[in-house]
Amino acid sequence: MTNERSSGILTIDLDAVAANWRSLKSRLQAGTLCAAVVKADGYGLGATRIAARLYAEGCRDFFVATPDEGISLRRVLPDGAIYVLAGVDSATAAALTEHRLTPVLNHLGQIEAWRKAAAAAGSTLPSVLHLDTGMNRLGLPRDEVARVASEAPLLAGLKTRLVMSHLVSSELASDPLNETQRARFDASLSALSASLGTKPASLANSSGIFLGPAFHYAMVRPGVALYGVNPTPNAPNPMMEVLRLAAKILQVRRVDRGETVGYGATHLLPRPSRIAVVAAGYADGFLRSASNRASARLGGLSVPVVGRVSMDLITLDVTDVPETIARPGAFVDLLDGTYNVEHLATDAGTIPYEILTALGHRYERRYLGTSP
Ligand SMILES: *Cc1c(COP(=O)(O)O)cnc(C)c1O
């Protein structure tokens, strides 16, 4: 599994992912389910490894974005529900039934496509109804909720496993939109109960869990918190750090005072310097907007990224690090406990989600912890 040629190594601690899942679950009342959102290849960390580990912990509900993501997950999960957030259409229905994937039905057209699939299969098919409560993205708008509530035949042949909605600003606990969405969700659930009966419901993503039990319903759907990102940005991070990223120094050079480093000559050296050239760049998801802002760790020191991030390389000012440490072949830490995904996101002017899902495919992924 380890590869001596790797110049970038992403270490993913599966025990920490499992601990984060258990810790989120411990915040729920007994009987409330804790799903795992593993879309975009488990936020870039490896969906199959993460899902297999969480299945071993007792997780039985997994959310992915696309049918293809669901198909690859089904290969490692013999049972357990796999929900496809993109839903279904006539082009994807057969693949969903073949791989026992459950579509999240986002509008009447998707409901119709899945109803037709059930009729064609001559059986009842599981589904999730997604109601829009304010995101105005995917999900049944209010008029479509009213139609489903009043026309029971629309759901003929479908077994509704879950009714869900999605929060707009759950990371801001004080945002009144949280309560507004919860009230709209409750109103729609009670309207639907007339035709559907009472169904399990789900509203909270990672941050939504921390809004309290009123937001938990029957199931919560954490993603980013499983991967160690703080779901409560204005308070200390309750989650365990999951990943480290290290990359290799390819060259160390002395550069005179007054010279510049990299494309566009954006960094002027104020003193005679040593510059380490490291094998990671924007093609690896080390975003170019972090140029002259991010930093790495080497020999116990923080070393700044100087000059532009280029496609395959970044340049670090290692003048203060002893030459025996800052040398070709040594690895620098790009992400660790002291400078993590959140710090890099701030320096790159983005959110931790984008940093995670951009983590490059040239990095070797090494998994720590027990793997089933
Ligand atoms: C991505 C996603 C989640 C998980 O969100 P996090 O903020 O990562 O916890 C939950 N529900 C839906 C519908 C999503 O698209």
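**View 1. Tyrosine 353 and the ligand.** In this predicted model, a polar side-chain atom of tyrosine 353 lies 2.6 Å from an oxygen atom of the ligand. Taken alone, the ligand exposes 390 Å², and the protein buries 93% of that area.

**View 2. Residues around the ligand.** The ligand is surrounded by 13 residues, the closest being Lys39, Tyr43, Ser206, Val224 and Tyr353. Lysine 39 places a polar side-chain atom 2.7 Å from an oxygen atom of the ligand. For valine 224 the atom concerned is a backbone N or O, and its distance from an oxygen atom of the ligand is 2.8 Å.

**View 3. The largest nonpolar core.** This core has 113 residues, of which Leu45, Phe63, Leu129, Leu316 and Leu356 touch the most other members. Helix H6 (residues 108–121) supplies the largest share of the core, six residues. Another core, of five residues, lies apart from it; Val255, Val261, Ile275 and Val306 are among its members.

**View 4. Surroundings of leucine 129.** With neighbours within four places in sequence left aside, leucine 129 is in contact with Leu105, Ile111, Leu140, Val148, Leu155, Thr160, Leu162, Val163, Met164, Leu192 and Leu196. Leu129 is one of the residues that touch the most other members of the largest nonpolar core.

**View 5. Arginine 53 in helix H3.** Arginine 53 is part of helix H3, which spans residues 47–57. Arginine 53 counts as buried because its relative accessibility is 9%, under the 20% cut-off. Not counting residues up to four places away in sequence, arginine 53 touches Leu14, Asp15, Ala18, Arg22, Gly369, Thr370 and Pro372.

Notes: Residues are numbered from 1 along each chain as its sequence is written. This is a predicted model: local features need pLDDT of at least 70, side-chain atom pairs count only at pLDDT 80 or more; totals for chains, interfaces and linings use all residues. Side-chain values use heavy atoms; hydrogens and water are left out. A nonpolar core is a set of buried Ala, Val, Leu, Ile, Met, Phe, Trp, Tyr and Cys residues joined through side-chain atoms within 4.5 Å. Buried means under 20% relative accessible area, exposed over 50%, partly exposed in between (1.4 Å probe, protein chains only). Helices (H or I, at least four residues) and strands (E, at least two) are DSSP runs, numbered from the N terminus. Contact means heavy atoms within 4.5 Å. A residue is near a molecule or strand if one of its heavy atoms lies within 4 Å of it. A polar contact is a pair of N or O atoms within 3.5 Å; within protein, one must be able to donate a hydrogen and the other to accept it, and residues adjacent in sequence count only if both atoms are side-chain atoms. Accessible areas come from the Shrake-Rupley method with a 1.4 Å probe; for residues, only the protein chains shown count as cover.
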